[in-house]
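This report describes selected features of one protein model. The sequence and structure are shown first.

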Amino acid sequence: MPMSAGYVPFHPNPSKPKYKPPAGAVDAHNHVFGPEAKFPFAPKRKYTPCDASAAQLFALRDRLGFERNVIVQATCHGSDNRALVDALKAANGKAMGVATVRRSITDQQLKDLHAAGVRGVRFNFVKRLVDFTPKDELLEIASRIAPLGWHVVIYFEAVDLPELWDFFTALPTTVVVDHMGRPDVSKAIDGPEFALFERFMREHPNVWSKVTCPERLSVTGPPALNGERNAYRDVVPFAKRIVESFPDRVLWGTDWPHPNLKNHMPDDGLLVDFIPHIAPTAALQKKLLVDNPMRLYWS
């Protein structure tokens, strides 16, 4: 089936980053799509992407100077985690995963996912990407994965945090926020919206954040293209604030193959060069790229 109209495929030839990640670095947020001929996309998906295979992801990992991946189930595959599991098995211990599951999943199926390397489930609250799942079902899933030592990944937009606060703070696991809760970076960093997110992390030590996807958050850029090694400058203060305030609870990832980007497709090598702007010291970089993801996924 052809890609959705306007869908932009991933960068065909990313540059080699100038920044060299520390030994053992983890790209802690990426996806695999299909291949559709082997792993069909969900019938009720909101978009149809290009194929993006595990082999292509691992080649990118090596090119960018990383050693491991965390592969997150994409919404286009729904709760069919077969492509994810296949990629985890192909990684030979160098990847762990975050699945999407439904209430109907059996205990044995959860154990099978755990054996494959799954260590979390993702709850998506971005209305344009998914249909709403009842919160009682999500709480039930969270209570069932807690004994496995898994965590919950939550994807939401900043304006929705007030209404989701009570639900998020009731989750019985570590909670990992995708992309800093998608702040509006055209607003003041010390304004009430981002201050609420900081308070969310400060008051709840089980909450982590991915300082990822500046290409989705940036308003003024410049984009990570054409050799730009100081990209997405308007996002830097927000991500740097979170890294420096909560250094033991942050993760970073490329988001390859960047699903549903509409205006440009970043060069992943230049995205890696974003890291020292938000984690300016070697100690912060090691926590962000090695210590934190290893503790969450491999310990």
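The text below covers helix packing, the nonpolar cores and some backbone details.

The model is a predicted one.

**Helix packing**

Two packed helices are described by the angle between their axes and the distance between the axes. Helix H6 (residues 192-203) takes part in two such pairs, one with helix H5 (residues 161-169) and one with helix H8 (residues 236-245).

The axes of H5 and H6 come within 12 Å and cross at roughly 10°. Angles under 35 degrees count as roughly parallel, and H5 and H6 are therefore roughly parallel to each other. On the H5 side the contact involves Leu 161, Pro 162, Trp 165, Phe 168 and Thr 169, which meet Leu 196, Phe 197, Arg 199, Phe 200 and Glu 203 of H6. Sorted by class, this contact has 7 nonpolar, 1 polar and 2 charged residues.

H6 packs against H8 at an angle of about 20°, and the two axes are 12 Å apart. That angle makes H6 roughly parallel to H8. The crossing of H6 and H8 is right-handed. H6 contributes Phe 194, Phe 197, Glu 198 and Met 201 to the contact, while H8 contributes Phe 238, Arg 241, Ile 242 and Ser 245. By class, the contact of H6 with H8 has 5 nonpolar, 1 polar and 2 charged residues.

**Nonpolar cores**

Phe 197 of H6 meets residues of H5 and is also part of the contact with H8. The largest nonpolar core has 89 residues, and those touching the most other members are Phe 123, Ile 154, Phe 168, Phe 197, Val 211 and Trp 252. Leaving aside residues up to four places away in sequence, Phe 197 touches Phe 156, Leu 161, Val 177, Met 180, Gly 181, Ser 209 and Ile 242. Another core lies apart from the largest one; it has 12 residues, including Val 70, Val 153, Trp 208 and Tyr 297.

**Backbone details**

| Site | Feature | Value |
|---|---|---|
| Gly 34 to Pro 35 | cis peptide bond | omega about 5° |
| Gly 221 to Pro 222 | cis peptide bond | omega near -5° |
| Tyr 232 | positive phi | about 55° |
| Asn 260 | positive phi | near 65° |

Pro 35 lies in the loop between strand E1 (26-30) and helix H1 (54-64). The loop between helix H7 (214-217) and H8 holds Pro 222, and Tyr 232 is found in the loop between H7 and H8 too. Is Tyr 232 buried or exposed? Tyr 232 has a relative accessible area of 1% and is buried. Asn 260 sits in the loop between strand E8 (250-251) and helix H9 (268-272).

Methods
Residues are numbered from 1 along each chain as its sequence is written. This is a predicted model: local features need pLDDT of at least 70, side-chain atom pairs count only at pLDDT 80 or more; totals for chains, interfaces and linings use all residues. Side-chain values use heavy atoms; hydrogens and water are left out. Axes are lines fitted to C-alpha atoms, for helices over the stretch in contact, and angles run from 0 to 180 degrees between N-to-C directions. Helices (H or I, at least four residues) and strands (E, at least two) are DSSP runs, numbered from the N terminus. Angles under 35 degrees count as roughly parallel, over 145 as roughly antiparallel, 65 to 115 as roughly perpendicular and the rest as oblique. Contact means heavy atoms within 4.5 Å. Ala, Val, Leu, Ile, Met, Phe, Trp, Tyr, Cys and Pro count as nonpolar, Asp, Glu, Lys and Arg as charged, and the others, Gly among them, as polar. A crossing is left-handed if the near helix is turned anticlockwise from the far one by less than a right angle, and right-handed if clockwise. A nonpolar core is a set of buried Ala, Val, Leu, Ile, Met, Phe, Trp, Tyr and Cys residues joined through side-chain atoms within 4.5 Å. Buried means under 20% relative accessible area, exposed over 50%, partly exposed in between (1.4 Å probe, protein chains only).
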